[in-house]
Amino acid sequence: MRRDRLTLGMMIGLPMAQLVLFGYAIRTEVRHVPTVVFDESRSADSRALVAVMQNSGSFDVVGNVGSRDELARAVNSGRAHAAVVVPPDFASDVKRGRTAYAQIIVDAADPMASSAAISGASLAAAARSAALTEERIGRAATPPLEVRVRPWYNPALRSATYIVPGIVGVLLTLTMLLITSMAIVRERERGTLEQLVVTPVGKTSLMLGKILPFVLVGYVQMTNVLILGRLLFDVPIRGSLALLYLITLAFIVAMLGLGLLVSTVARSQTQAIQISFFLILPNILLSGFMFPREAMPPPAQWLGLLLPLTYYLRVLRGILLKGLGSEFLWRDAAILTAFAVGLVTVSVKRFAKTID
């Protein structure tokens, strides 16, 4: 162990780094949910309701929308995870002493984040209702305000509906990264790497040859999880499977490229496994698979943007749970494609430098 300085350093340093990183980044309390407002009343009472919800700390108003279609686009695009809908007769109901109704729409694809939003909406509505009750002393004792919460995409708030699509991304990350991270290292330890180098096959072709067989393996894994998720957990498939499989190709190649990059850096299979797990844990914990990204501090969210799994989870849940099309997912698909091209290119160049 003393002679293998790199392995010893990783055994001691990586757990400490992971403890500091994840202990700081992982939080489960969701606050400041991005929210849009569809205010058909446009009155002082409706603005007071929105102000109370924003002051609760659970919602951050990011804009106003003028129609239900615009509201749906804001939620589907990820710009907002909740929406406040105030009907046109809201102010008149308040003034006449009748029960005034409002609606909170919550993106319930993530049950943890949506539960926090639902709880915050209930507390804000109770506070505003209490204020209106004080103004109605001597009037009819009807409830002054009722806020109805409508969860979208996962009305029952089932955790399996949220977790199973994410398992597709996590399994692909685990298997693609671990398998390919040992590809070049295994050849080096067996003494067959030099034989590959002297063959007429170019270095780019050699690296692609290490990648392509596992693309099929990744598709088989993905298909199995989708079938079992549908049969065992009733996970919906609302969008285009063809689009999902197409974007998945970019993610699989990106993870295979990352594994090959690790393989060119590590000098033994032990080092390859250690580096792989150091990369796998941030993908699982910071991508939004287990914990809401909205609850993380900004530096952790920025770090999550460097992980391919963050974008692939948006694609998975967007297609399977929300039925989104390419007009909402093209940006994530483009980023995954850039990851794939960049990682494979760097791996090929790194391999060439190592052999020279």
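Author: The account below treats the helix pairs and then the pockets and the cavity.

This is a predicted model, in which local features need pLDDT of at least 70 and side-chain atom pairs count only at pLDDT 80 or more, while totals for chains, interfaces and linings use all residues. Residues are numbered from 1 along each chain as its sequence is written, and side-chain values use heavy atoms, with hydrogens and water left out.

Two packed helices are described by the angle between their axes and the distance between the axes. Helices (H or I, at least four residues) and strands (E, at least two) are DSSP runs numbered from the N terminus. Axes are lines fitted to C-alpha atoms, for helices over the stretch in contact, and the angles run from 0 to 180 degrees between N-to-C directions.

On the H6 side, Val170, Thr173, Leu174, Leu177, Leu178 and Ser181 are in contact (heavy atoms within 4.5 Å). Their partners in H11 are Ala272, Ser276, Phe277, Leu279, Ile280, Asn283 and Ile284. The contact of H6 with H11 comprises 9 nonpolar, 4 polar and no charged residues; here Ala, Val, Leu, Ile, Met, Phe, Trp, Tyr, Cys and Pro count as nonpolar, Asp, Glu, Lys and Arg as charged, and the others, Gly among them, as polar.

H6 also packs against helix H10 (residues 241–265): the two axes come within 7 Å and cross at roughly 35°. This crossing, too, is right-handed. From H6, the residues involved are Gly169, Leu172, Thr173, Met176, Leu177, Thr180 and Ser181. They meet Thr248, Phe251, Ile252, Met255, Leu256, Leu258, Gly259, Leu260, Val262 and Ser263 in H10. The contact of H6 with H10 divides into 10 nonpolar, 7 polar and no charged residues.

H10 has a further partner in H9, with axes that come within 9 Å and cross at roughly 135°. That makes H9 oblique to H10. H9 passes H10 in a right-handed crossing. The H9 residues of this contact are Met207, Lys210, Ile211, Phe214, Val215, Gly218, Tyr219, Met222, Thr223 and Leu226. From H10 come Leu241, Leu244, Tyr245, Thr248, Leu249, Ile252, Leu256, Leu260 and Thr264. By class, the contact of H9 with H10 has 14 nonpolar, 4 polar and 1 charged residues.

The spaces come next. On a 1 Å grid over the protein atoms alone, a cavity is a set of points where a 1.4 Å probe fits but cannot get out, and a pocket is an open set with protein on both sides within 12 Å along at least five of seven lines; lining residues have an atom within 4 Å of a point. Grid points are joined across faces, edges and corners, and a volume is the space filled by probe spheres set on the points.

A search of the whole structure finds 1 cavity of 30 Å³ or more. The largest cavity has a volume of about 50 Å³. H6 and helix H9 (203–233) each supply at least two residues of its lining, and H9 gives the most, with 4 residues. The lining consists of Val164, Pro165, Val225, Leu226, Gly229, Arg230, Val235, Pro236, Ile237 and Leu320.

The second largest pocket has a volume of about 190 Å³. H11 gives the most to its lining, with 4 residues. Among the lining residues are Leu258, Leu279, Asn283 and Phe339. The lining has 11 nonpolar, 1 polar and no charged residues.

The largest pocket has a volume of about 910 Å³. Of the 36 residues that line this pocket, the closest to its centre are Gly78, His81, Glu294, Arg314 and Lys322. H14 gives the most to the lining, with 6 residues. By class, the lining of the largest pocket has 15 nonpolar, 10 polar and 11 charged residues.

Terms used
A crossing is left-handed if the near helix is turned anticlockwise from the far one by less than a right angle, and right-handed if clockwise. Angles under 35 degrees count as roughly parallel, over 145 as roughly antiparallel, 65 to 115 as roughly perpendicular and the rest as oblique.
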